[in-house]
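I am opening a notebook on a structure that is new to me. My entries below follow the order in which I looked things up.

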Amino acid sequence: MSARFSTLGLALPGQSVIHRAPLWAKYLVVLMVGILALVWREPAVAAVLTGVTVLLFALAGRLVLRAWAAPLRMLWWMFAILGAHQWWLASSGGADPLGGALRAFAVLGGMFAALQAARLLLLTTPSSVLLDGLTWAFGPLRYIGGSPETASLTVNVMLRSVPAIAQSAADVSDAAKARGLGRNPLALAGPVVVSAIDYAHRTGDALAARGLTDHDSEDQPG
């Protein structure tokens, strides 16, 4: 998997103070950034929170810091659409163009800071530690007949699936360009969906082989 997709959610090695911080402290940072961004939707707050994420990424080491801008490089079009939408909403509500732009920055900046705080947790925490933490967090499920281990494993598989499917989409896009098909969405959608289904089957088989699901028994009638 290429480095640009590994930065979406897989941990990067390191011995920084951020890497060695307890899991609860990292979750607390994610929670605090999210609450501040949600409650105080102001440009200054968004700018400060974004600056704090840069500082935290820097404290996590050069390798993690280089991953800070990955969402901007890969998802700039989505931020542009959201920014235009927020500006239009503010302008429709009577704000002048500058006020609309500041409003859009406040919303998107806070959202981006919260996203970066969550990414920092993923980039500096091994999957095994995340899995243990999620299992503990899902502990109350036992009281209603649920399985905390299965719930935490589901979240972990989901996090690993995002960069895997993104890598698959990039591979299909590269292959289409090599055949002169360009970036036709209709030509890319089919292979990406097939690849995603294949990835899901391989993941399910791997989990069943380790006795973590009842996949085999469900496949056998009677």
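I began with terms: helices (H or I, at least four residues) and strands (E, at least two) are DSSP runs, numbered from the N terminus. By that rule I placed Thr 53 in helix α4.

I noted what I am working with. This is a predicted model, in which local features need pLDDT of at least 70, side-chain atom pairs count only at pLDDT 80 or more, and totals for chains, interfaces and linings use all residues. Residues are numbered from 1 along each chain as its sequence is written, and side-chain values use heavy atoms, with hydrogens and water left out.

**Entry: the whole chain.** I found 11 helices and zero strands in the protein chain. I looked up burial next (buried means under 20% relative accessible area, exposed over 50%, partly exposed in between, with a 1.4 Å probe and protein chains only). Of the 222 residues, 32% are buried.

**Entry: the record.** An unreviewed UniProt entry lists residues 21-40, 46-65, 72-89 and 101-122 under "transmembrane region". UniProt positions are in the numbering used here, feature names are shortened, and annotations may be inferred rather than shown by experiment. I checked two of these spans in the model. Residues 21-40 are 85% helix and 0% strand, with end C-alpha atoms 27 Å apart. Residues 46-65 are 90% helix and 0% strand, and their end C-alpha atoms lie 19 Å apart.

**Entry: α4 and α7.** How do the axes of α4 and α7 cross? Helix α4 covers residues 43-59 and helix α7 residues 97-123; their axes come within 8 Å and cross at roughly 25 degrees. The two are therefore roughly parallel (angles under 35 degrees count as roughly parallel, over 145 as roughly antiparallel, 65 to 115 as roughly perpendicular and the rest as oblique). Axes are lines fitted to C-alpha atoms, for helices over the stretch in contact, and angles run from 0 to 180 degrees between N-to-C directions.

**Entry: Thr 53.** Is Thr 53 buried or exposed? I found it buried, with a relative accessible area of 2%. Contact means heavy atoms within 4.5 Å. Leaving aside neighbours within four places in sequence, Thr 53 is in contact with Trp 68, Ala 113, Gln 116 and Ala 117.

**Entry: Ala 84.** This residue is in helix α6, residues 70-92. I logged Ala 84 as partly exposed, with a relative accessible area of 44%. Ala 104 is 20 residues away along the chain, yet the C-alpha atoms of Ala 84 and Ala 104 are separated by 7.6 Å.
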